[in-house]
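User: I would like to learn how to read a two-chain model, one feature at a time. Could you walk me through one?

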Amino acid sequence: MKNKYAKIAFDGLITNNASFKLVLGTCAALGMSSSAIGGFGMGISVTVVLLLSNVLISMLRKVIPSAVRIPAFVVIIATLVTLLRMALEKYMPDLYDSMGVFLPLIVVNCMILGRAEAFASKQPVLDSAIDGVSTGLGFTVALTLMGVIREFFGSGSFFGIELFDFSIGFFASAPGAFFTYGICIALFLLITDNVEKTARKKRARAFRVSQSAPLPAPEETEKKEAETC
Amino acid sequence: MKAKLKAFFQSNVFRCVTVLLAIVLVSGALLSVCNDLLFVSAEERFARTLAKIYGRQVETTQLSVSAEDAVFAEGTVNAAYLTDDGNYLIQSTGNGGYSGGTVTLWTVFSCEGSKEANDFKWLGIEKVVYESDRKQSYISKIKKKFYTEFTVHNEEILAGGKFTTAAGGDDIYTLSAGASRSSAAIVNGVNTALAYFRAHVLGGEA
């Protein structure tokens, strides 16, 4: 049982990382990653919406008819995003201002609708909640990492703390966002592929060792079978 | 008739419409309640802006800005306030940004004494704070250092000077490389606030 939840969490964070593996939510990833704080804020906002939408949709999965499931999901997601907007405007105005148009755009983030359709509408509530949190956190880590890289080279700072008076303007621009995104995807795939290959080799070696273990003698097997009969 | 009605109420169409309506109504009700609870009033918004500028809450008196007085060659004055510490706070929008866009700023004019006591003295520009922009996609490239640049030339400003993004003239040259059009709009915004302050607060004396 524990393994099942661990697998869902690992899938969301690494194996099916929404940003670097499935290339979902690209608009937000490119637009909000010019600073580490911006990327982190967007990631956490998406995580909150994803968690709540997954839980609600999973709870209502037997009530919502299949024919109207997409409009129903969109209404639920749009309501949650509007609530999030109101809460951020009230309690975190700086983050609200920095997110600008990308905050309402969470409604059309294909990652949220994708998880609702592919997972939450078919799975129990707890599984959907774990999937929402892990997918959201995978997205948050990806955006924050991109934000750190772009902020460091584009503005010479780290989480808003100015480190040096030197910057490469390219990283703060839109082409810089695409470049950073591409490099991050390439590195992520390189690392995960290598880890996967190593794990596969280990499994193959373990299998070969188990195959080469001495088998019991045929006479002994016959004796045992006779005893059983 | 009864059989038809019964068939309709048991149909998938009725179920779809009912479920969608229920979701929409519940969502609407929830949003209405939260909108009341989380509403941010104009006063609260202004208090936040003041806190951003001053780092503390201050009492202000709004000064009336007529439509004719508000428009200048380089921009428009949106609002003016007198704060409890005697400073003047002017919100202005500078034209001439990238792609015909604008930048809106708050300029704090540091003052001493009061006009009523005849000991009023203008000390210079204390702070320039960014508020919002239109079409300025490179605005994030402009660092704090550029905004502080407006506060270190108070001698020239008190002598009647103004800012410019064109090098070589008598005016105070300041420009943020990499976002030159946006910095031109900021300079225009500060010059607009400066022109308004000179004309309507100082009464054209400077």
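User: What is the mean pLDDT of chain B?

Analyst: First the idea: pLDDT is the predictor's confidence in each residue, from 0 to 100. Where pLDDT is low, the predicted coordinates should not be read in detail. Chain B has a mean of 87, and 99% of its residues reach 70 or more. Among its elements, helix α2 (residues 12-37) of chain B has the highest mean pLDDT (94) and helix α3 (residues 42-54) of chain B the lowest (83). For the complex, the predictor gives an ipTM of 0.78 and a pTM of 0.75.

User: Why is chain B described as more spread out than a compact globule?

Analyst: Here we use the radius of gyration, taken over C-alpha atoms, and a globule rule of 2.2 Å times the number of residues to the power 0.38. For the 206 residues of chain B the rule gives 17 Å, and the radius of gyration is 26 Å, well over that, so chain B is more spread out than a compact globule. Its C-alpha trace spans about 90 × 45 × 30 Å along the principal axes.

User: Where do the domains of chain B lie?

Analyst: Domain bounds come from an automatic or database domain assignment. For chain B, that assignment gives domain 1 (2-37) and domain 2 (42-201). The C-alpha centres of these two domains of chain B are 53 Å apart.

User: Which residues of α9(A) are buried?

Analyst: A residue is buried if 20 or more other C-beta atoms lie within 10 Å of its own, exposed if 12 or fewer, and partly exposed in between, with C-beta atoms placed from the backbone. In α9(A), the buried residues are A:G176, A:A177, A:T180 and A:Y181. Their cover includes α2 (26-31), α7 (125-155) and α8 of chain A. Over whole chains, 36% of the residues of chain A count as buried, and 27% of those of chain B.

User: How many residues of chain A are in contact with chain B?

Analyst: Two residues are in contact if their C-beta atoms, placed from the backbone, lie within 7 Å. By that rule, 20 residues of chain A touch 18 residues of chain B. On the chain A side, the elements giving two or more residues are α4 (69-91) and α8 (169-172) of chain A. α4(A) gives the most, with eleven residues.

Conventions:
Residues are numbered from 1 along each chain as its sequence is written. Chains are lettered from A and ligands numbered from 1 in the order in which they are written. This is a predicted model: local features need pLDDT of at least 70, side-chain atom pairs count only at pLDDT 80 or more; totals for chains, interfaces and linings use all residues. Helices (H or I, at least four residues) and strands (E, at least two) are DSSP runs, numbered from the N terminus.
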